[in-house]
Each structure stands twice: as structure tokens, then as C-alpha cells.
Amino acid sequence: SHHGWNSHAFHKACDDKEFTLTIYRTEFGKTVAGFTPFTWNNSKGWTVDDTSSSFLLSLDNFKRYELIEKERAIFCH
């Protein structure tokens, strides 16, 4: 909420940054996080993660979710 809630605000803060850990609260009150070593950019499409180092975290139940499809690591729209 500090930087805004839309994709423009996210990209303003995160574009051209590597190794990002993004933490957010869902509309259902859950706290989740996502990590990627890849650079965010404002181009459209998926980033492939051949290293399988991107992942999601549920901070409510302390569970790590590994990347299932390396072709869909992060998505920029």
C-alpha cells in the first residue's frame, strides 16, 4: 500500500531489479510472498526459469511452493 496497488506502481519500484522478494496480502487476508532471481521489466509475457529457483511462500502456514512450470516463472503484462 505504501507504493500503490496497481501494476504501474509495482513496475516503477521493481523494474530492472534482480533477486526480488515480493510480499503481499491477498483480498482474503492471507500473506504470501514470491521470489525470483530474474529482472522484472514492463515487457509483455512470461519469463522462463531454467534454474527453477523462483518460488512462492505462504507466510500463514509457512509453506514453500516450488515452481511447477519453468516456462512460467514470472509474468509481466
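Confidence in this predicted model averages a pLDDT of 85 over the protein, and 94% of the residues score at least 70. The mean is lowest in strand E6, at 77, and highest in strand E4, which spans residues 55–58, at 93. Where pLDDT is low, the predicted coordinates should not be read in detail.

**Strand pairing**

- Strands E1 and E2 run antiparallel and are joined by 6 bridges, and the two form a hairpin with 5 residues between them.
- In the turn of this hairpin, glycine 29 has a positive phi of about 85°.
- Strand E2, made up of residues 31–36, is mostly covered, since 5 of its 6 residues count as buried, that is, under 20% relative accessible area.
- On its other pairing, E2 is joined to E4 by 4 bridges, and these two strands also run antiparallel.
- Valine 32 of E2 takes part in both pairings, for it is the bridge partner of tyrosine 24 and has serine 58 as its bridge partner in E4.
- In a regular strand the side chains alternate between the two faces of the sheet.

**Helix H1 and what follows it**

- Helix H1 covers residues 7–14, and its buried residues are Ala9, His11 and Cys14.
- The cover over these buried residues of H1 includes strand E6, which consists of residues 74–76; E6 is also the element where confidence is lowest, at a mean of 77.
- Just after H1, the chain reaches aspartate 16, which takes a positive phi of about 65°.

**Residues at the surface**

- Leu21, Ile23 and Leu59 together make a nonpolar surface patch of about 280 Å².
- Leucine 21, one of the residues in that patch, is found in strand E1, which runs over residues 20–25.
- Leucine 21 has a relative accessible area of 52%, and it therefore counts as exposed, the cut-off for that term being over 50%.
- Glutamate 69 lies in the loop between strand E5, residues 63–66, and strand E6.
- Because its relative accessibility is 40%, glutamate 69 counts as partly exposed, a term for values between the limits of 20% and 50%.
- Glutamate 69 and tyrosine 24 are 45 residues apart along the chain, and their C-alpha atoms are separated by 22 Å.

How values were computed: Residues are numbered from 1 along each chain as its sequence is written. This is a predicted model: local features need pLDDT of at least 70, side-chain atom pairs count only at pLDDT 80 or more; totals for chains, interfaces and linings use all residues. Side-chain values use heavy atoms; hydrogens and water are left out. Buried means under 20% relative accessible area, exposed over 50%, partly exposed in between (1.4 Å probe, protein chains only). Contact means heavy atoms within 4.5 Å. Patches are made of residues with over 30% relative accessible area and no salt bridge: like charges are joined within 9 Å, nonpolar side chains (Val, Leu, Ile, Met, Phe, Trp, Tyr) within 5 Å. Accessible areas come from the Shrake-Rupley method with a 1.4 Å probe; for residues, only the protein chains shown count as cover. A salt bridge is a side-chain nitrogen of Lys or Arg within 4 Å of a carboxyl oxygen of Asp or Glu. pLDDT is the predictor's confidence in each residue, from 0 to 100. Two strands pair if DSSP finds at least two bridges between them.
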